[in-house]
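Student: I would like to learn how to read a protein model step by step. Could we look at one together?

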Amino acid sequence: MSNQTKVYSLPKVAGTHTASLEHTYNVQGLITGATYLESKNLVALSGYSNVLEPFVYLLYDFIEDDFFNGNKRKIIVSLPFHQVEGITTKDGLKYYISNERFVRPPVANNAEKLHTLDLSPFLSEYLLDTNLGYLEEEFETKLLLYPNPVNEILKISPSSSFSIQNSDYWITNLSGQVVLKGNLHLDKSIYLGQINSGQYLLKFDKLQSQAYNFIKR
């Protein structure tokens with residue numbers, strides 16, 4: 001997976017045509033669905049990362065069809081290991097996203113389902129024609145876990161403005177059972193040799209609302 005998404009164009013007339021590549025952007029994941037509110041200059045993309053961490057990517061306030069030249073905001077969706085496949089909305093504030101069935105015994109058994117997502121905290125001002133200025137940010141996630149999948153040593157890289165040094169952490173399986181806990185020291189790495197292969201969630205006391213997915217080989 002390249003993590004790049006591409007926009008192609010075709011003439012809106014009958015006939016045989018060749019798609020023309022217009023734009024490429026690194027969304028850090030696979031895009032699987034899109035919805036477009038033309039009257040509001042708003043595009044919402046759905047997708048997931050290579051460890052099945054779903055997200056919604058908002059594109060708005062762009063000029064004509066240059067979708068990636070306006071405001072961009074990536075929102076991590078708290079549905080670990082869900083293969084999100086579609087997204088739609090009527091008003092640009094409340095969204096519906098769907099996922100396919102994803103089964104990986106014994107750690108994951110997620111049935112196909114339709115979910116609702118309220119994005120009014122991020123879009124209400126824009127949709128009410130308030131000038132927000134230029135934005136480009138990734139909501140919530142401030143940590144990079146690597147390598148992922150990992151063999152034994154999981155490294156954590158925070159953003160330059162965010163510190164997790166001396167944070168307590170705990171790792172749970174998909175059933176919510178804690179399999180490992182400790183304190184993150186100066187080297188910002190966690191030894192995973194004592195846990196079994198599978199899919200896990202990493203949480204920190206300084207980021208209690210966040211869970212970071214990783215796969216142990």
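Student: Which residues of strand β8 (residues 94-100) are on its covered face, and which are on the uncovered one?

Tutor: In a regular strand the side chains alternate between the two faces of the sheet. In β8 the covered face has Y95, I97 and N99, while K94, Y96, S98 and E100 belong to the uncovered face. Strands here are DSSP runs of E with at least two residues, helices are runs of H or I with at least four, and both are numbered from the N terminus. Please keep in mind that this is a predicted model, in which local features need pLDDT of at least 70 and side-chain atom pairs count only at pLDDT 80 or more, whereas totals for chains, interfaces and linings use all residues. Residues are numbered from 1 along each chain as its sequence is written, and side-chain values use heavy atoms, with hydrogens and water left out.

Student: Which strands pair with β8, and in what sense?

Tutor: Two strands pair if DSSP finds at least two bridges between them. Strand β7 (residues 83-89) pairs with β8 in the antiparallel sense over six bridges, and Q83 stands opposite E100. These two strands form a hairpin with four residues between them, and G92 in the turn has a positive phi of about 85°. Strand β11 (residues 113-118) also pairs with β8 in the antiparallel sense over six bridges, with S98 opposite L114.

Student: How much confidence does the predictor have in the protein, and where is the pLDDT below 50?

Tutor: The pLDDT is the predictor's confidence in each residue, from 0 to 100. Its mean for the protein is 84, and 89% of the residues reach 70 or more. Over residues 130-141, however, the pLDDT is below 50, although this stretch has 31 contacts in the model beyond near neighbours in sequence. Where pLDDT is low, the predicted coordinates should not be read in detail.

Definitions and conventions
Buried < 20%, exposed > 50% of the residue type's maximum accessible area, 1.4 Å probe, protein only. Contact = heavy atoms within 4.5 Å.
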